[in-house]
Amino acid sequence: AWKEFNLPENSIASLQKAIEIKSYGSEFDVRRTLDGKLVVNHDPTHFGDTIELKTYAELNAKKLSNGEDLPLLEDYFKTGTASKHNTLLICEIKAALLSNTTSQLTTTETIALAKKLGIEDRIIYISFDFEVLKTIRSNRPTATVLYLENNKSLDEIKAANFNGINFNYAHFIVNPSISVNAIKQNMMLGSWTVNKDEDFDKL
């Protein structure tokens with residue numbers, strides 16, 4: 001939605017566009033500022049400033065290309081669940097650059113916010129950080145969690161009680177047995193980032 005309609009990545013506007021065009025889900029990335037604000041931004045930096053090392057006020061002095069503020073996760077959550085559409089929130093919790101403690105704080109605060117807002121059933125959690133997903137699973141047994149990294153066996157992922165996998169599309173194309181075996185184990189399957197029709201057809 002953001003690329004096709006020339007909107008800032010991870011912006012409220014791109015979320016609204018994803019909802020408007022009836023996307024299955026809108027994927028976004030959660031990070032934590034120095035002063036403990038949860039924000040939505042793909043990269044670890046915002047206009048060259050490392051998000052973990054700056055306060056929200058410092059970061060928000062620089063607006064997105066459409067004039068938006070750097071989105072707060074709470075605003076993103078509220079916008080994404082304000083109406084009864086079917087677009088899910090695909091919430092990627094990014095591993096912190098500086099410490100696992102920050103990663104865990106980001107995780108626990110994110111799931112606590114979702115519970116507070118009563119929107120837990122509208123979120124799918126994804127992460128490259130296995131421990132982040134284990135924390136979500138231990139705190140929210142009914143949450144949907146998918147692992148992004150192809151560095152664990154399907155048995156390990158299943159043993160952690162994750163719902164499934166969400167690998168780069170190339171892994172499935174090079175090794176089709178991954179999807180076959182995952183389906184046999186009743187695991188959910190997702191894939192990123194598929195931008196060509198030929199790759200979509202192969203999947």
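Thr-110 is placed in helix α4, where helices (H or I, at least four residues) and strands (E, at least two) are DSSP runs numbered from the N terminus. With a relative accessibility of 0%, Thr-110 counts as buried; buried means under 20% relative accessible area, exposed over 50%, and partly exposed in between (1.4 Å probe, protein chains only). Not counting residues up to four places away in sequence, Thr-110 touches Val-30, Leu-38, Leu-73, Phe-77, Cys-91, Ile-93 and Tyr-125, contact being defined as heavy atoms within 4.5 Å.

The model is predicted: local features need pLDDT of at least 70 and side-chain atom pairs count only at pLDDT 80 or more, while totals for chains, interfaces and linings use all residues. Residues are numbered from 1 along each chain as its sequence is written, and side-chain values use heavy atoms, with hydrogens and water left out.

## The sheet

Seven strands form an open sheet of mixed pairing, in the order β2-β1-β5-β6-β7-β8-β9. Two strands pair if DSSP finds at least two bridges between them. Strands of a sheet pair through backbone hydrogen bonds, either parallel or antiparallel. From one strand to the next, the twist averages 30 degrees; axes are lines fitted to C-alpha atoms, for helices over the stretch in contact, and angles run from 0 to 180 degrees between N-to-C directions.

Strand β1 (residues 25-32) runs parallel to strand β5 (residues 88-93), and six bridges join the two. Within this pairing, Ser-26 stands opposite Leu-89 in β5, and the bridge partner of Asp-29 is Glu-92 in β5. β1 also pairs with β2, to which three bridges join it in an antiparallel arrangement; here Arg-31 has Val-39 of β2 as its bridge partner. β1 and β2 form a hairpin with five residues between them, and Gly-36 in the turn has a positive phi of about 80 degrees. Six of the eight residues of β1 are buried, so this strand is largely enclosed by the rest of the structure.

## Helix packing

Two packed helices are described by the angle between their axes and the distance between the axes. Two pairs are listed below.

| Helix pair | Axis approach | Crossing angle |
|---|---|---|
| α1 (residues 12-20) and α3 (residues 73-80) | within 10 Å | roughly 20 degrees |
| α4 (residues 100-117) and α5 (residues 130-139) | within 10 Å | roughly 35 degrees |

The crossing of α4 and α5 is right-handed; a crossing is left-handed if the near helix is turned anticlockwise from the far one by less than a right angle, and right-handed if clockwise. Ser-103, Gln-104, Thr-107, Thr-108 and Ile-111 of α4 make this contact with Glu-131, Val-132, Thr-135, Ile-136 and Asn-139 of α5. The residues of the contact of α4 with α5 divide into three nonpolar, six polar and one charged. In this classification, Ala, Val, Leu, Ile, Met, Phe, Trp, Tyr, Cys and Pro count as nonpolar, Asp, Glu, Lys and Arg as charged, and the others, Gly among them, as polar. Helix α5 also lies across β5, β6 (123-127) and β7 (144-147), running at about 165 degrees to β7.

α1 and α3 are roughly parallel to each other, the scheme being that angles under 35 degrees count as roughly parallel, over 145 as roughly antiparallel, 65 to 115 as roughly perpendicular and the rest as oblique. α1 passes α3 in a right-handed crossing. Ile-12, Leu-15, Gln-16 and Ile-19 in α1 meet Asp-75, Tyr-76, Thr-79 and Gly-80 in α3. The residues of the contact of α1 with α3 comprise four nonpolar, three polar and one charged.

Lys-17 lies in helix α1 and, at 17% relative accessibility, counts as buried. Leaving aside neighbours within four places in sequence, Lys-17 is in contact with Ala-1, Phe-5 and Leu-7. Its C-alpha atom is separated by 18 Å from that of Leu-72, 55 residues apart along the chain.

Asp-69 is found in the loop between α2 (56-60) and α3 and, at 38% relative accessibility, counts as partly exposed. Leaving aside neighbours within four places in sequence, Asp-69 is in contact with Tyr-56, Asn-60, Lys-63 and Leu-64. The C-alpha atoms of Asp-69 and Ile-12 are separated by 9.1 Å, although the two residues are 57 residues apart along the chain.
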